[in-house]
Amino acid sequence: MAGGRSTRPVTIVTGFLGSGKTTLLGRVLSEPSMSNTAVLVNEFGEVGLDHHLLRRVDERAVLLGGGCVCCTTREDLVEALLELLDLDQRGEIPRLDRVVVETTGLADPAPILHTIFADPVLQHHFSVDLVLTTVDAINGDLHLDRNPESVKQVAAADKIVVTKTDVAEPNAVRSLLCRLGAINPSAHVLEAAFGETDAAELFRLDGAGYRAVPKAFDGEPHDAGETHSVSLTFDGSVDWTAFGIWLSMLLYARGEDVLRVKGLLDVGESGPVVVNGVQHTIHPPEHLNRWPEENHHSRIVFIARGIRPEELLGSLEAFRGLLGARPLPLGAEQSVPSS
Amino acid sequence: MCVLCGQDFVAQVHWTDRHLEDRAREAAPGSDPVALQGDRRRDRAHRVALTNEILRHYGLKLDDWGGSKYFLRDGKGRSELVQDLGSLWPAAERLAGRTLDPLEPALLGETLGEEPAFVAADGG
């Protein structure tokens, strides 16, 4: 709790160069409901953003021991968020409803999550509730083919906004949507022609936030590639301590290749545990008091690079004695080409 | 570090310890601290037992150390103190001389923590 209220939500808006992040933000921020939203941007792009709580941050990353990029602390972000917190607590700005952090096109969103979760002050005052990724309907396929950062951005997304659908071929849009679904079956996908979208829908967490129930991929299988996703459940309640041991071990050994893990785990309590992580960075797991849906079975999605679904399932199978339940794949296992 | 009790102040709680922290924070005023401590001790003992099922494949052993840290050692007498699971795996890598990978086929060849076969046969 911070000042008698829960933590301030932070939304990360990411997307490849020219995918329409700034256009989308420009439209959304002009809505009256967004007046108490602060915006942190890395660059003032050609499309000028006009907003009274706009701050520019110069990306200054501090690489921590081990040299892992996703465990980098963004000092610029720490300073900017602490300044906003100070202004908010002093009452010098209207009550802060939300902070939007716009990344550069080439940015990996994981360090932003790490910065907020790891900072001793920020972790008590801010929480990342949503990662929004914009994908350009015209060049999206090309970006996904050529840039591993683009695949990471899609894997990290809770919501994907496909932009420029008004000027793209309908068949190309359908193919892209299918590809996005295969990379990240847990993300909620929206289309935004002309940068038009509803702010309320964009930032609404129902069905898309970090507590959302991931769904199994039900599209057509893709050719084998580097990035694989697998949705799975368990045949019973999972021992949370054992799952924490397995996942922390996996993330230490292969964290840079585990692009995303997201799901709800039945741990034998009245509600599930929300598990959500991007590479080495895990959201603080939340033990819910009740299930958000009628279905009370675990559902978890792994998106990994260079790790085959059968390797993950085989590992969980080997750990079943510790976990107390056997893993079962959900839907079609799939892989997507990344190059 | 506290000069009186020798305990580190931990600014960052590892995500696997978060539920214990949350439980303590949400406890109603006046709730029994002994019960919370008991929960915490049981949780740590359970974690040590499960982790040792994995570590024995690498010739390592873990013990609880005063309820605040863990003591990791190998068969040669080398040891390290670790705070949580986040610092356990790098320390285990240093002592074992290789990364402990749950996807490693050698580890997958054996099912961890499975009850002995005769128990299952009796149950059937």
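Analyst: Strands (E, at least two residues) and helices (H or I, at least four) are DSSP runs, numbered from the N terminus. This is a predicted model, in which local features need pLDDT of at least 70 and side-chain atom pairs count only at pLDDT 80 or more, while totals for chains, interfaces and linings use all residues. Residues are numbered from 1 along each chain as its sequence is written, and chains are lettered from A and ligands numbered from 1 in the order in which they are written.

A residue is buried if 20 or more other C-beta atoms lie within 10 Å of its own, exposed if 12 or fewer, and partly exposed in between, with C-beta atoms placed from the backbone. I160(A) counts as buried because it has 26 C-beta neighbours inside 10 Å.

Contact means that the C-beta atoms of two residues, placed from the backbone, lie within 7 Å. Leaving out residues up to four places away in sequence, I160(A) touches T133(A), V135(A) and V154(A), as well as L180(A), A187(A) and V189(A).

Now the chain as a whole. Chain A has 16 strands and 11 helices. Of its 339 residues, 50% are buried. Among contacts in chain A between residues at least 6 apart in sequence, 76% join residues at least 24 apart.
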